[in-house]
Every structure is written in C-alpha cells, then in structure tokens.
Amino acid sequence: MTSVFRRLVPLTKSTGFKKRDATKHLDLCKRMFHEYRKFRLSQPNRSLLSREENECVVQSGGILRYESNQLASNDPCEDRLSVSQVSETDMYIFSVIDGHGGWQCAHAIKHRLPYYLALYLLDERELATRNPVIRNDWVVPIAGDGYHSWLNQHVFDMRTAESFMNRYQMRLLHHQGLSGTIPEEQFKSCFEALDEDISTEAVPDGQRLNKESVNRLLAACSGACTATAVIHNEMLHVAGLGDCRAIVGCTDEAGKLYAKVLTEEHRTYNPIERARLIREHPCEDEDIMFFDERLCGILQPTRAFGDVVLKWSAREKVLLEYVFDEPTYVPNYLSPPYLSCTPDVRSVRLDGASHFLIIATDGLWDGLSDEESVRLIANKPDGVNSATWLIQNSLAQHNEQRLSRVLSIPPGPICRNVRDDISVIVIYFDM
C-alpha cells in the first residue's frame, strides 16, 4: 500500500467509525487510489497501443512539444490526424478528424483543411507571395512529424486544384486575415468553403464516371467531424465541428489544476443544437427530425463535413442512387440542408496558467471525463506517451485484464461494436 493510500484511510479506533462505516470508507479510498494507480502494461498490450505513437519536440511558437497516438477499431481506420505548420510563419495547426460512413471524407479533410486554414487566416501581404500555381509549399510538416507523408504526396487533382485557386483569387479581393478580423468569421468561412468545394466537386463534369469522380463522390457521401487547434501569436484558436473535444489543462490562482473545455458537442441530445434545428426547420415534425435520437434517423452529429445525403436536395441525390445503386430516401425530407458545417470557435490567450491542450475524437471520451483526462496527464508516469496514457486509461478503466480483452479484438465489425476509433494529440505549451 502506498503512502498516498495510507493517508486516505483513517484508523477505525482513532476516528470512532463503526466497522461497517470503516469498510465503506475503505472501499471509497480504494476507488480513489485506483483512479491514479499506474499499472504496468504487459508487453503485448504495450505493442498494440504504441504502433501509431508519435512524439516531437517543437520549441517554437509557444509550443514545447506534442505527443500523439491513434488506435483503430474500423478496418480501415476512419479517423485521421493532421499536424503541420504554415510555412514561413509561427502558425501551427493540429487536427483530429473523426470520419463516419467511411474514411474518404476524413482523408480529404486531412489533406485540404490546413491549406484552407492558411488561405483564410493569413493576411493579404502573406497571401500575395503564395500563388498556388507557383507554390505548393503553403503547409510544411513539423520536424519529426510521423504523419507528414500526405504533404510529400500532394493529392490535389485538377478539379480540387481549380477550386482552391478560385478561393485564393477571391480571398485576395477581400483583404481579410486573422490579424484584422474576428477569428470566428474566418474559421466559419474556411470550413464552409471547404465543405462547399467537396460537395460541388462530387458532381461529375460530364456524363462519364471515372475513378476520380467516384472517389470525390465517396468523400462527399461519407462524413467527418473535427477539433482543430491553431496556435499563433500566443493565441490558441479551437474550431469544433461535431463531437470531437478540446480541453486545456489550466491552473487557477490557488494553483489547482482544472479542465477548460473549448468545444461544444454538436449532437442531437444537445438541447442547444435541437433548439437551433427546430428554429431553422419550423415546418418539420420534431419527432421525425430526431427519430431514434439521430438527425433524420441517420446521424448523431448535427454538424459535419460531407454527408451530402443530409445536405443535397432530393433532386441532387438522384445522382447517388444512379452511381451506387442504393436508395437515398429520407422520411419527411422537406427543407434540406439539415446538417451544418459551421464550427464553434473559442479563442484563449496562452499564459503561464495554460499548460497543455488535449484534442481527441469521441472514442476517447466514451471512457474518460474532462477532469479525469487532465488529472491523468498531470500524474502521467515518466517515459510514457501522453496520448497512449489517455487511450490506455480510457479503455482499461484501471483494469489490465479488461484492456487485454478489448485489445485482443482485431479492427473490424466486431471491434466496432466494442469501441470506437480513437485519435489523440496532447500539446504542451512553453509559456
């Protein structure tokens, strides 16, 4: 028994507790102790959890380092991670992307969102020297980043490149950037522009379908939620879309650690989201719109990229039935779009009271609360990847045998019924 545990358990004689009361108190103290106990992972579990680990020392732009990890339940994994820096600036972008209905939309967002963020957050002087026709090094990987292969294999095809070039020309005309306008408006414009381009590009140019056009359709039909953090000029901006979450570990004036949540859960059970949808669709039957606690009986998130089945008109969705030979009928589909792509944006100034940021897909939060995650990082053993430590505790619930059982199920349909894909990035600040 550790000294911490001994301090938690009072002696029965000295306190005057009855034996039954002392037993209850002992059980309570055991639960408190197990919340912080650091069990040692067996080698098989360690190997399974550490496959996608990544750690990188940054020491720039107010960032000391970051640590990340990903654990798949789907085959292939539908989550994506994106870590990058806008070239020639101290602007850093960290994203966790939670795909659903397939991996294609999340993959497209991983490739394109950093470029669109740079496009909408840089001012006109910085944009003037970044003509996409001449330069494609807008975004560069952070040194040591293990997720940078997508930057070396630039996958913008002709049509997506054309969309980006059109956006670039429009931005130069409006002369707006992060330094001169409200960040919320810039993030909103960025997300909505990217979602609109993904949707528009999904419609084939001509009568013939080729591999590229089908891939664009798959990206538009699947969906993705994200929590994206942009760190620039000692400011942290977090854009939340869907049910991913971002939490800052802070200390108050008394030195007590607490969790500051920077995202809102955009799900059908959120009363704020339900009220917004009812207000936007006044003629809709509420019971049908939220059938089975899902938007139109299909989707739990109320905001996401892609998912054109809940955005396109009934006439536009005929294309999906033609290509995929599957019905796209949604009951009482009267006033689309039902699904929004407008993020919630929160901005905080980084100071000595802000220590680290956790951004993760909803699979992590199924087993951890906000406060638990912050305490776990504060009490993390030395030499353990922070993201792995959070995933381990979320799955294990302080039980090594349970963790072994969960990890023994290979990614696929059975595993998907046990747990979700989990993607985590922990960023430590240098303030």
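Is cysteine 415 buried or exposed? At 0% relative accessibility, cysteine 415 counts as buried, where buried means under 20% relative accessible area with a 1.4 Å probe on protein chains only. With a disulfide taken as two cysteine sulfur atoms within 2.5 Å, the count here is 0. Cysteine 190 has as its nearest cysteine sulfur that of cysteine 341, 9.1 Å away.

A word on the ground rules: this is a predicted model, in which local features need pLDDT of at least 70 and side-chain atom pairs pLDDT 80 or more, while totals for chains, interfaces and linings use all residues. Residues are numbered from 1 along each chain as its sequence is written, and side-chain values use heavy atoms, without hydrogens and water.

Now follow helix H8, residues 158-174 (helices are DSSP runs of H or I, at least four residues, and strands runs of E, at least two, numbered from the N terminus). Its 17 residues should span 24 Å at 1.5 Å a residue, and the end C-alpha atoms lie 25 Å apart, which agrees; the expected span is 1.5 Å times one less than the number of residues. Among its buried residues are Phe164, Met165 and Tyr168, along with Arg159, Arg167 and Arg171. Their cover includes helices H5 (104-121), H6 (124-128), H9 (183-201) and H10.

Helix H10 (211-221) also gives two or more residues to the lining of the largest pocket, as do strand E4 (92-100) and helix H13 (318-324). E4 gives the most, with 3 residues.

Notes: Buried < 20%, exposed > 50% of the residue type's maximum accessible area, 1.4 Å probe, protein only. Contact = heavy atoms within 4.5 Å.
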